[in-house]
Amino acid sequence: RVGGLPADLREAVSILIERHRTHGDVPEWRAGRWTEFCKITQELEPLNERLRSLMPQSVATVASPLAVGLVACLIDALEWPDVELPHRLVFGFPVVGPIPSSNLFRPCEQPATISLANFEAGGKGAVERAVAHVARNAKAAIARGERARVAAAYNQSVAEVSQGQARGPLPCSEVERHNFERLHPIPRGAIPKGETGDDWRAIDDAGWSKHNEATDVRVR
């Protein structure tokens, strides 16, 4: 039922209906639009390469495959409210402290409960503490017969590495060598998935690492 769709989907349906009524060539027309889109994407590749060259290494490790120039053009064409998205895709997203609103969600003020200074002060030794925390939780889960729980967290990490979204595994010494004072690792575990409780999904515990406490939440 068209009336129950969001406004943007209703508009898309209306365009297709009108195109079919007046021309009767919707499949051919859509194929032509896709060809034109691919052409524009190729023409934007020099801009994409320029933006990739501006990425810090920590961002490029994750985001270098993205066509940020294309994202910027789509935001302009669609009048998408999150106009800062291309900048953040190039230079990275803030993960603690005041997080700028994307203008996509309803406001919900939830201020941080600890200062950034207190958060950063806890960085020394955080890698070892996180490793010990994960190891304790894994040992306890195996003792309860929940080996699949441990596997879910591990497999998700392996998948992210294989997809280029993360690096590793890395020894603690190498991690600390890069940023040993300010690094705040977020330990990963798993929680039940679904109502049956016989399957698991990975989850990162930003409460344990205090990222949540140091973050100003402005939208929900």
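Reader: Hi! Is Trp 34 buried or exposed?
Author: Trp 34 is exposed, as its relative accessible area is 55%. Exposed means over 50%, buried under 20%, and partly exposed in between, with a 1.4 Å probe and protein chains only. This is a predicted model, where local features need pLDDT of at least 70, side-chain atom pairs count only at pLDDT 80 or more, and totals for chains, interfaces and linings use all residues. Residues are numbered from 1 along each chain as its sequence is written, and side-chain values use heavy atoms, leaving out hydrogens and water.

Reader: Thanks! How many aromatic pairs does the structure hold?
Author: There is 1 aromatic pair. Trp 34 and Phe 37 form it, stacked at 5.5 Å centre to centre with 25 degrees between the planes. Rings of Phe, Tyr and Trp (its six-membered ring) pair if their centres lie within 6.5 Å; planes under 30 degrees apart are stacked, over 60 edge-to-face, and the rest tilted.

Reader: And where do Trp 34 and Phe 37 lie?
Author: Both are in helix α2 (residues 26-43), 3 residues apart, about one turn of the helix. Helices are DSSP runs of H or I with at least four residues, strands are E runs of at least two, and both are numbered from the N terminus. Phe 37 is partly exposed, with a relative accessible area of 30%.

Reader: New topic: which residues does His 133 touch?
Author: Leaving aside residues up to four places away in sequence, His 133 touches Pro 187, Asp 205 and Trp 208; contact means heavy atoms within 4.5 Å. His 133 sits in helix α8 (residues 126-143) and is buried, with a relative accessible area of 13%.
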